Amino acid sequence: MPKQARLSGIKSLWCYKIEEAAEVSGVSPRTIGNWIANGLRVMNGERPPLIRGDDLRDYIKGQREGRKIKTALDRFFCVRCSKAQKAAGGFADCNITGNHVTLTALCEVCETVVSKPIVEARIPEIARTLDLTIKRHEKTL
Ligand SMILES: [Zn+2]
């Protein structure tokens, strides 16, 4: 299990950058990016993306309650749109290198390249919503 995110330091009326949100909730910036891809709200049009404290708190509370957001698997966080978007055309490349699996696609809205790490075991599940092109790479030492 990943370590529990902290709620205590998050100020509801504060706006956090991804790094700050990670710091205050005790997780990595990459985790915050995954949360955004999974439905954590970011403020529209802000670059870098800003997250409201109350949205962050709601998201963490929702996770604790085991609430699942169904759209998560086929969404990617687009830096240019500052929010989670679908893959253009429903296509994604699935790059497997050793134990690392990365999905890469184009943002449905602005066609920026978007990507996210996934767990290899979830590929069949993801393949139900996205048309995956699986590429295995030799690990170079
Ligand atoms: Zn976009």
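Predicted model: local features only at pLDDT ≥ 70, side-chain atom pairs only at ≥ 80, totals over all residues.
Which side chain meets Arg 41 in a salt bridge? The partner is Asp 55, with 3.6 Å between N and O.

**Domains**

The domain assignment of the protein gives domain 1 as residues 15–64 and domain 2 as residues 85–137. Taken over C-alpha atoms, the centres of domain 1 and domain 2 are separated by 22 Å.

**Salt bridges**

The count of salt bridges comes to five. Among them is the pair of Arg 41 and Asp 55. This pair links distant parts of the chain: Arg 41 belongs to the loop between α2 (29–37) and β2 (50–52), while Asp 55 is in helix α3 (residues 53–64), 14 residues apart. Arg 41 counts as exposed at 56% relative accessibility, because exposed means over 50%. Asp 55 is buried, with a relative accessible area of 11%.

Another of the salt bridges joins Lys 135 and Asp 93, at 3.3 Å from N to O. Lys 135 lies in strand β8 and Asp 93 in strand β5, so this pair ties together parts that are 42 residues apart in sequence. Lys 135 is partly exposed, with a relative accessible area of 34%, and Asp 93 is partly exposed as well, at 26%.

Arg 136 also forms a salt bridge, with Glu 120, and the closest N and O atoms of the two are 3.3 Å apart. Because Arg 136 is in strand β8 and Glu 120 in the loop between β7 and α4 (123–126), the pair ties together parts that are 16 residues apart in sequence. Arg 136 is exposed, with a relative accessible area of 61%, whereas Glu 120 is partly exposed at 32%.

| Arg 41 | Asp 55 | 3.6 Å |

Strands of a sheet pair through backbone hydrogen bonds, either parallel or antiparallel. Here four strands form an open sheet in the order β7-β6-β5-β8, and the pairing is mixed. The edge strands, β7 and β8 (131–137), each pair on one side only. On average, neighbouring strands of this sheet are turned by 25 degrees against each other, direction ignored.

Strand β5 (residues 91–97) and β8 run parallel and are joined by seven bridges.

**The zinc site**

The zinc ion has as its protein donors the SG atoms of Cys 78, Cys 81, Cys 107 and Cys 110, which lie 2.1 to 2.3 Å from the ion. In sequence, these donor residues are spaced C-x2-C-x25-C-x2-C. The angles among the four donor atoms run from 101 to 112 degrees, and the site is tetrahedral. Ideal angles at a metal are 109.5 degrees for four tetrahedral donors.

Cys 81 is buried, with a relative accessible area of 18%, whereas Cys 110 is partly exposed at 21%. The two fall into separate classes because buried means under 20% relative accessible area.

How values were computed
Residues numbered from 1 in each chain as written. Heavy atoms only, no water. Donors = N, O, S within 2.8 Å, 3.2 Å for Na, K, Ca; no water. Tetrahedral: all angles 85-135°; square planar, octahedral: opposite > 155°, others 65-115°. Buried < 20%, exposed > 50% of the residue type's maximum accessible area, 1.4 Å probe, protein only. Domains from an automatic or database assignment. Pairing = 2+ DSSP bridges. Helix = DSSP H or I, 4+ residues; strand = E, 2+ residues; numbered from the N terminus. Axes fitted to C-alpha atoms, helices over the stretch in contact; angles between N-to-C directions. Salt bridge = Lys/Arg side-chain N within 4 Å of Asp/Glu carboxyl O.
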